[in-house]
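Trainee: I would like to learn how to read a structure like this one. Please show it to me and take my questions in turn.

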Amino acid sequence: MSVNEKFSAIRKGLLEFLLLQIIAAEKVYVADILKQLSATEFATQEGTLYPLLSKMRREGLLDYEWKESEAGPPRKYYELTAKGREQLRETLEYWNKINGTVKNLGQK
Amino acid sequence: MNKVITINLGGNAYQLEEGGYDALRAYLETAAARLQGNPDRDEIVSDIERAIAEKFRALLASHKTVVVTKEVAAVLAEMGPIEADSGEAADSGASSASGHGAAGEERAAWRGGTPRRLYRIHEGAMIAGVCNGIAAYVNVDPTLVRLAFVILTMLWGTGLLVYLVMAFVVPEARSPEEKAAASGNPSTAQEFIRRAKEGYYEAMKGFPDRNARREWKRRFKQDIRANADQWRHNWHCYWAEHAPFHPGMGFALPLLSLLHGAAKVLWICALISLLATGAVFGLALSANVPVWVAALLLFIAYGILACPLKVARRACYRDLGRPRWAWSFVFLLDAVVWLAVVAALLWLAVHYFPELREAVRSIPSLAHQAADDSRAWWKGK
């Protein structure tokens, strides 16, 4: 496994966490999410995002509402549920802890 | 010049070049296949359709009404391949976890709401609640189902027969959960109706273009067919899960095969004797019943006889479980028993029914005659 492949596994695992963070900030629809991610190393495509979002909704982390768009079909705007917020908080905490561990381990 | 195909995405009509249409269809079919087993499959696919629709819209302008093949390919590349999330792998784990109660509920949650089951529903029933249950299952008016049964009954009494069998075989919805499951949550039937309501097909109906209308009809039929398949699948799964068989019943397989084989041989013998002599095992037909009706009735009778056997066999296959060698052993035994039964029954039939012997003897000459007839017909043409 090349280094790049290893990174892609890490990115994949973190994507759900990032989605929680993006959706926590404001109600967004998929194109917004893609735009926010596109500038980062987490750039994704709809083909990955829709199944993941639907899985998260099934787990009760987020919900959506329909909004008409001036052009084209109606859009789904996603928002976090209480459970989603709780999970985001826990994940952030855990992330900080891991970060600390990564920095401190091996340092004399 | 390229052929243009009109399609409906998320309730709006778009015109694509034929190559683009093929690419889009292939993409959506792959998406649906990859999401097989995902409880939200239909929803994700319609999300994706909507996203594609939005991208198409951005490409079009007043002087440009057709999305060309290259653009479709670009849009699909932008969408990226559909990735089924790895969480789905846990599904098989959840369903192999034995026991009811918590595990059952978890499984229900996995499939997204209560899985729809066929039950008889007593509330508002006319007789045993069969029609009511079917109506709830496929989400149509019970009166329509009743009407269908009445019409089927007028056609050689099939409806009555099916009704009686179902009244026996289909369980009654007693607990609230069962009642909820009877009318069910999302399923393809519900999804289909929801789409229809959303005007998914309405847009198509208004098209003056004959090709578009034909395409609409094709989609409609495809959906109906998929619905029927789903129904059949649910029915089999339900029976395989709930049939009263114990683990280790794998060794009942040869017995079941024996019965199944006997039923099959019986039906073939009956058919042969019907065609050869116009009577089924000495039971003469009344003159006003055409032979093909009798053959159809025979086939239905065989279907009814064989269905529970098939289902029971399926349940056995499920129960066989892990060890591979046991499988091959049982299959071997199964095949041997089956062949023996067929051979024995054929031998008996040929020996004890002189008309059958005659029929078998006349097969070569019949074949010759048929060949001659068809040759003559061909020459005449």
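Trainee: In which sense do strand S1 and strand S2 of chain B pair?

Mentor: Keep in mind that this is a predicted model. To read a strand pair, look at the direction of each strand and at the bridges. Here S1 (residues 4-9) and S2 (residues 12-17) of chain B pair in the antiparallel sense, over 6 bridges. One case is Thr6(B), whose bridge partner in S2(B) is Gln15(B). The hairpin has 2 residues between the strands, and Gly10(B) takes a positive phi near 55° there.

Trainee: How many residues does H2(B) have, and what span does it reach?

Mentor: An α-helix has 3.6 residues a turn, so residues three or four places apart point the same way. H2(B) has 19 residues and reaches 27 Å from first C-alpha to last, close to the 27 Å expected. Of these 19 residues, 14 are buried, so the helix counts as mostly covered.

Trainee: Which residues touch the most other members of the largest nonpolar core?

Mentor: They are Ile23(A), Tyr14(B), Leu16(B), Ile48(B) and Ile52(B), in a core of 34 residues. H2(B) gives the most to this core, with 6 residues. Leaving aside residues up to four places away in sequence, Tyr14(B) touches Ile7(B), Leu9(B), Ala53(B), Phe56(B) and Val67(B).

Trainee: How many residues does each chain bring to the contact?

Mentor: Chain B brings 26 and chain A brings 15. On the side of chain B that touches chain A, H2(B) has the largest share, 9 residues. By type, that side divides into 10 nonpolar, 7 polar and 9 charged residues.

Methods: Residues numbered from 1 in each chain as written. Chains lettered and ligands numbered in written order. Predicted model: local features only at pLDDT ≥ 70, side-chain atom pairs only at ≥ 80, totals over all residues. Pairing = 2+ DSSP bridges. Helix = DSSP H or I, 4+ residues; strand = E, 2+ residues; numbered from the N terminus. Contact = placed C-beta atoms within 7 Å. Nonpolar A, V, L, I, M, F, W, Y, C, P; charged D, E, K, R; others polar. Expected span 1.5 Å × (residues − 1). Buried ≥ 20, exposed ≤ 12 C-beta atoms within 10 Å, placed from the backbone. Core = buried A, V, L, I, M, F, W, Y, C linked by C-beta atoms within 7 Å.
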